[in-house]
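I am opening a notebook page for this chain and will write down what I look up, in the order in which I look.

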Amino acid sequence: MKRLHTALLLAAITVATAFTACDTDADYIYSSRRAFFRFTPVTAAPKTLFPALNSPGEWCSVSVDGTHYRFSAPNGQTDSYPINASDQYYARQWVSGLLVGTPSVPSLSTNGFEVVCYDLVCPNCMEADAVTRAVKFSSEQHESVTCSRCGRVYNLQNQAEVLAGAIEGEPNRPLLRYRCSYANDVFVVQN
């Protein structure tokens, strides 16, 4: 009887550990840093944000330029949209801006193409030296971004891991990833 009780207890612990491990793995890919951004209508940014949210391999950066949102694609196209009163109510929060898109490689977890969102800040410069330098699209590859300060290149097709320029002996962190959703012409980042 004691062996049966021990076996049942061990099985229960194993099952509980398996469920906990899944939650931990899912949370690990997202930053613990707070972020918020809400934009509608997405169709108001037809050259940049709309393609980034609807087409694999397309990306755009999101920043604020005075009283306007500025959306920029890797090919140089831009869209600008005025910040209105309702946008002020939903106070945006990020470090250096946002990088939004759909990787050209399907997600293994969802078996499809999923929209992802990263902060524009280079996490390695921010953590090591408290510098909030924004990464920029690489001129050679549209699915990578580069930090002009440390030289790291981040691969947007592979969880924004460091693709080139890794510095030996340093952590070489991937870009900060935020939770996001897109439906009914509304894009929301909420972390």
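This is a predicted model: local features need pLDDT of at least 70, side-chain atom pairs count only at pLDDT 80 or more; totals for chains, interfaces and linings use all residues.

The entries below go through strands, cores, single residues and pockets.

Entry 1: I looked up the strand order and found 4 strands in an open sheet, arranged 7-8-9-10 with antiparallel pairing. Its edges are strand 7 (136–137) and strand 10 (161–164), each of which pairs on one side only. Inside this sheet I followed strand 8 (residues 144–146) to strand 9 (residues 153–155), and the two are antiparallel over 3 bridges. From Thr146 I traced the bridge to its partner in strand 9, which is Val153.

**Entry 2: strand 13 and its partners.** I then turned to strand 13, which is joined to strand 1 by 4 bridges in the antiparallel sense, and I recorded Val189 of strand 13 as the bridge partner of Phe37. Strand 12 is likewise antiparallel to strand 13, with 4 bridges between them, and here Ala183 stands opposite Val186 of strand 13. Strand 12 and strand 13 make a hairpin with 2 residues between the strands, where I noted that Asn184 has a positive phi near 50 degrees.

**Entry 3: the nonpolar cores.** Which members of the largest nonpolar core touch the most other members? Of its 24 residues, I list Phe37, Leu49, Phe71, Leu98 and Val100. Two or more residues come from each of strand 1 (36–39), helix 2 (49–54), strand 2 (58–65), strand 3 (68–72), strand 5 (98–102) and strand 13 (186–190), and helix 2 contributes the most, with 3 residues. I also recorded a second, separate core of 15 residues, among them Trp59, Val116, Tyr118 and Val145.

**Entry 4: Phe71 and Ser61.** I listed the contacts of Phe71 beyond four places in sequence, and they include Phe37, Phe39, Leu49, Cys60, Ser61, Val62 and Tyr81. Ser61 lies in strand 2.

**Entry 5: Arg179.** I placed Arg179 in the loop between strand 11 (177–178) and strand 12 (180–183). Its relative accessibility is 33%, so I count Arg179 as partly exposed. I also looked up the separation of the C-alpha atoms of Arg179 and Ala35, which is 8.7 Å although the two residues are 144 residues apart along the chain.

**Entry 6: the pockets.** The largest pocket holds about 390 Å³ of space. I counted 17 residues in its lining, with Tyr28, Ile29, Tyr30, Pro174 and Leu175 nearest the centre. Helix 4 (residues 123–129) supplies the largest share of that lining, 3 residues, and by class I found 9 nonpolar, 3 polar and 5 charged residues in the lining. The second largest pocket has a volume of about 330 Å³, and of its 16 lining residues I noted Ser107, Leu108, Glu114, Gln159 and Arg177 as the closest to the centre.

Technical notes
Residues are numbered from 1 along each chain as its sequence is written. Side-chain values use heavy atoms; hydrogens and water are left out. Two strands pair if DSSP finds at least two bridges between them. On a 1 Å grid over the protein atoms alone, a cavity is a set of points where a 1.4 Å probe fits but cannot get out, and a pocket is an open set with protein on both sides within 12 Å along at least five of seven lines; lining residues have an atom within 4 Å of a point. Grid points are joined across faces, edges and corners, and a volume is the space filled by probe spheres set on the points. Ala, Val, Leu, Ile, Met, Phe, Trp, Tyr, Cys and Pro count as nonpolar, Asp, Glu, Lys and Arg as charged, and the others, Gly among them, as polar. A nonpolar core is a set of buried Ala, Val, Leu, Ile, Met, Phe, Trp, Tyr and Cys residues joined through side-chain atoms within 4.5 Å. Buried means under 20% relative accessible area, exposed over 50%, partly exposed in between (1.4 Å probe, protein chains only). Contact means heavy atoms within 4.5 Å.
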